[in-house]
Amino acid sequence: MSALIPFWFIVIAILWTGFFILEGFDFGVGMLHNFVGRDEPGRRAAINTIGPLWDGNEVWLIVAGASMFAAFPGWYATMFSGLYLAMVLLLMSLIIRGVAFEYRGKRDAAEWRRTWDVSLTTGSLLAPLLIGIALGDLLHGLPINSAQNYTGTFWDLFQPYAVLTGVTLVLICLLHGATFLSLKTTGDMLERSRQLARRVAPFTAAAVTAFVIWTHVSSTSTFFLRPLELLAILAVLAAVWLVYANRDGFAFAATTVTIASCIISIFVGLYPHVMVSSTNPAYSLTVDNTASAPYSLKAMTVVVVIFLPLVLAYQIWTYYVFRRRVSREEFMPAQRPTVPAQSIPAQEVPLRAAPGTPSSALARLRGALHGRKL
């Protein structure tokens with residue numbers, strides 16, 4: 001039993017990390033599709049880079065929430081009740097985003113598609129921002145009483161560290177999405193994706209550095225950075241250099257390491273707590289006082305050991321199948337073939353000479369009409 005509790009904390013951390021690695025570039029593409037695609041074929045091409053992938057990536061969020069509920073019900077109850085309004089906003093942003101994928105192509109009206117494009121951009125921005133704020137609140141602390149109840153208000157969630165965490169995740173998703181689009185597009189869209197990556201990269205590096213330093217100060221009293229925290233800074237600096245060098249594949253790998261290091265750093269700094277109480281440290285929720293019964297943990301362990309590798313194998317296969325680049329030309333309106341008009345030879349009208357016209361004048365007129373010199 002003592003080994004299963006930290007095991008499930010690690011599993012939940014892995015699920016949240018996997019969600020941000022996979023859904024992170026989905027969020028980035030959703031925020032950038034209007035800038036990468038300047039017209040309707042371009043926007044459709046940008047969206048179709050994640051078309052076969054986005055809904056499968058969101059499953060990681062569902063599994064992460066379900067694992068928290070099953071393994072640590074006390075954590076789930078306090079977090080989801082205290083952050084209820086924020087969770088509703090998150091759910092609405094995810095719903096609007098998903099509906100935008102499905103509905104924007106149902107009509108050809110420009111205003112209809114523009115509305116859903118704005119919805120897609122807004123939902124893709126709000127989702128990582130709200131999740132980042134929630135994760136930052138877990139580590140930095142929230143007003144929680146001795147009964148493990150949240151006693152604050154909605155506005156207490158927007159403390160500076162939590163807001164910085166949300167903004168940092170938004171910027172990482174932007175860079176992650178831009179490098180993904182650089183791998184999946186061609187022509188002008190590829191160049192615009194690289195330009196966007198170069199513009200957002202310095203801001204992302206600054207935000208990650210500030211986030212890592214603040215996370216280190218909040219969770220430990222030592223001076224030197226933890227290996228994961230140092231890895232996050234080195235990875236984002238490498239991403240900046242690789243973006244400017246147009247090394248698209250390595251830049252995407254660097255942003256993947258960056259976002260994974262940041263998420264894992266939060267959970268490493270949080271353990272053995274799951275929610276820190278700013279009211280009294282003794283009221284903090286821990287893995288021990290929020291865990292499920294031993295039988296539940298054992299049953300879930302069997303399930304995760306069997307099915308998690310299968311899910312990973314299926315997703316790897318899916319990414320392999322849809323690995324090709326997407327071109328804007330694929331979504332250009334079909335051109336109807338034009339049939340050249342057949343030249344119909346004009347009927348020759350016999351020239352009749354007026355009475356008294358000399359025969360030599362009639363011959364010269366016929367030659368001029370036929371282009372011959374007589």
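Arg194 counts as buried because its relative accessibility is 16%, where buried means under 20% relative accessible area, exposed over 50% and partly exposed in between (1.4 Å probe, protein chains only). This is a predicted model: local features need pLDDT of at least 70, side-chain atom pairs count only at pLDDT 80 or more, and totals for chains, interfaces and linings use all residues. Residues are numbered from 1 along each chain as its sequence is written, and side-chain values use heavy atoms, with hydrogens and water left out.

**Exercise 1.** Describe the salt bridge of Arg194 and Glu191.

*Solution.* 
- Step 1, the distance. The two side chains meet at 3.5 Å, N to O. A salt bridge needs a side-chain nitrogen of Lys or Arg within 4 Å of a carboxyl oxygen of Asp or Glu.
- Step 2, the position. Both residues, Arg194 and Glu191, lie in helix H8, 3 residues apart, about one turn of the helix. Helices (H or I, at least four residues) are DSSP runs, numbered from the N terminus.
- Glu191 is partly exposed, because its relative accessibility is 37%.

**Exercise 2.** Work out how Arg114 and Glu111 are placed in their salt bridge.

*Solution.* 
- Step 1. The closest N and O atoms are 2.5 Å apart.
- Step 2. Arg114 and Glu111 are 3 residues apart in helix H6 (residues 110–140), so about one helical turn separates them.
- Step 3. Arg114 has 44% relative accessibility, so Arg114 counts as partly exposed. Glu111 reaches 53%, so Glu111 counts as exposed.

**Exercise 3.** Are Arg97 and Glu58 buried or exposed, and which helices does their salt bridge link?

*Solution.* 
- Step 1. The side chains of Arg97 and Glu58 meet at 3.0 Å, N to O.
- Step 2. Arg97 sits in helix H5 (residues 84–103) and Glu58 in helix H3 (residues 54–71). They are 39 residues apart, and the pair links distant parts of the chain.
- Step 3. Both Arg97 and Glu58 are buried.

**Exercise 4.** Locate Arg198 and list its contacts beyond four places in sequence.

*Solution.* 
- Step 1. Arg198 is in helix H8 (residues 187–219).
- Step 2. Its relative accessible area is 22%, so Arg198 is partly exposed.
- Step 3. Contact means heavy atoms within 4.5 Å. Leaving aside neighbours within four places in sequence, Arg198 touches Val243, Tyr244 and Asn246.
- Step 4. Ala239 is 41 residues from Arg198 in sequence, and 9.8 Å away in space, C-alpha to C-alpha.

Note on methods: Helices (H or I, at least four residues) and strands (E, at least two) are DSSP runs, numbered from the N terminus.
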